[in-house]
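I opened this model to look up a few sites. My notes follow.

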Amino acid sequence: MSIDVEPLFQPLHVRGLTLANRIVMAPMTRNFSPQGVPGLDVAAYYRRRAEGGTGLLITEGVGVDHPAALGDAGLGESNLPHLYGEAALAGWKRVVDGVHGAGGKIVPQLWHQGVMRDPGTGPHPQAPSMRPSGLWGPTGRTSSIAPAYIERVQAPTQPMSESEIQDVIDGYARSARHARELGFDGVAVHGAHGYLIDTFLWDETNRRSDGWGGDRRARTRFATEVVRAIRREAGEALPIFFRFSQWKQQDFKARLATTPRELEEVLGPISDAGVDVFDGSVRYFDRAEFEGSPLNLSGWAKKITGKLSMAIGGIGLDRGFYDSKRDGRAGGSDNIELLMTRYLRGEFDLVAVGRALLNEPGWTHKLRHGHELPPFDEARLKELH
Ligand SMILES: Cc1cc2nc3c(=O)[nH]c(=O)nc-3n(C[C@H](O)[C@H](O)[C@H](O)COP(=O)(O)O)c2cc1C
């Protein structure tokens, strides 16, 4: 490959963290942590990516310290890891030490499933699922979740009470403290894809008329309080990464913002709360988000907030995640040149790679040295390769 990728191998400093390069492993649920505890196999899996030269690893979604954070989110998971309790924390310590031993950096992605948690499942089956307004979301607009499942969870429940909201925020704070104490290099927040934080941002699932709902800016309050609580516990040295998305699992066509001005209403307050890097989750990194500019969602986040941003979506592959799930085809890497063009324009500062890094732990090293990258193998999605 004759494309010059060396510009991606410049260090990046953000707060107290120095990354050796701009390639980031995207957060990917693996479901290999029985009782919420990542074992030696999980530690080895992350270490392989650090050994492969990837500058930063974002872990799979990790349940925060709240009873309803995790369950089977319509996807049949049951071995999802969490970030509380002696055994899980010891497991994560092994992961962190392994990655550091290989010269890498790693941050946990803090996750609360919110409305997506299947009631009656997870480590605390009796806990009610957390829904800002008691709503799962519109039905009939998703293709990734089985209709029978939606039928079962669609009935409205009690909206979250003031004390339930505070309990969840405290859970994020405790897990952020654990992250710092374990030696993680920052904290990533899952604010996307129709999970709890996103359902506060989205008008379809946040119909509250108290201080947690209202217009687009008012709906950011939960996200901002979570970020502030994380900052208090994580300290000033650790960067906070924030993932957001237009699309929801409940509705792929959903949009939090239809113009840059609306996006500013969402991201402005979240940025002010203390986010360092925005990660606008899209399926194709090269799609323009709004008419009249080629910028993608992360590009707009950077332009609007002045913070760092991270590109994601089909990098090193020619098919997005859900499209390739439908037709089983993910293709090979032919978009690195396009990636470099956009990167060199300054649209984003970091490049997150998901499935291509599941497929090939040494992806980053191979990209840098022009080695051939293996064709995508769908089986990797279900293995701890
Ligand atoms: C197996 C798998 C699990 C995923 N789990 C998560 C997750 O836990 N948290 C998250 O924010 N995104 C998750 N994603 C989305 C990825 O982070 C990424 O945005 C998506 O795969 C697109 O990037 P790619 O085209 O490079 O794979 C997952 C994706 C895959 C393939």
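**Ligand site**

I began at the ligand: one of its oxygen atoms is 3.2 Å from a polar backbone atom of G61. I count a polar contact as a pair of N or O atoms within 3.5 Å; within protein, one must be able to donate a hydrogen and the other to accept it, and residues adjacent in sequence count only if both atoms are side-chain atoms. T29 places a polar side-chain atom 2.7 Å from a ligand oxygen. R355 also has a polar side-chain atom 2.7 Å from an oxygen of the ligand. Taken alone, the ligand exposes 600 Å², and the protein buries 91% of that (Shrake-Rupley method, 1.4 Å probe; for residues, only the protein chains shown count as cover).

This is a predicted model, so I noted the limits: local features need pLDDT of at least 70, side-chain atom pairs count only at pLDDT 80 or more, and totals for chains, interfaces and linings use all residues. Numbering runs from 1 along each chain as its sequence is written, and side-chain values use heavy atoms, without hydrogens and water.

I then listed the shell. It holds 17 residues, with P27, T29, Q109, G314 and R355 the closest (near: a heavy atom within 4 Å). Seven of the shell residues are nonpolar, eight polar and two charged (nonpolar: Ala, Val, Leu, Ile, Met, Phe, Trp, Tyr, Cys and Pro; charged: Asp, Glu, Lys and Arg; polar: the others, Gly among them).

**Helix α2**

I checked the length of α2, residues 86-101. Helices are DSSP runs of H or I, at least four residues; strands are E, at least two; both are numbered from the N terminus. The 16 residues should span 22 Å at 1.5 Å a residue, and the end C-alpha atoms are 22 Å apart, which agrees (expected span: 1.5 Å times one less than the number of residues).

Which residues of α2 are buried? I found A88, L89, G91, W92, V95, V96, G98 and V99 (buried: under 20% relative accessible area; exposed: over 50%; partly exposed: in between; 1.4 Å probe, protein chains only). They pack against α1 (40-51), β4 (56-63), β5 (105-111) and α4 (162-182) (contact: heavy atoms within 4.5 Å). G103 follows α2 and has a positive phi, near 85°.

**S175**

I found S175 in helix α4. S175 is buried, at 0% relative accessible area. A polar atom of its side chain lies 3.0 Å from the backbone oxygen of L83. Leaving out residues up to four places away in sequence, S175 touches G63, V64, D65, L83 and L110.
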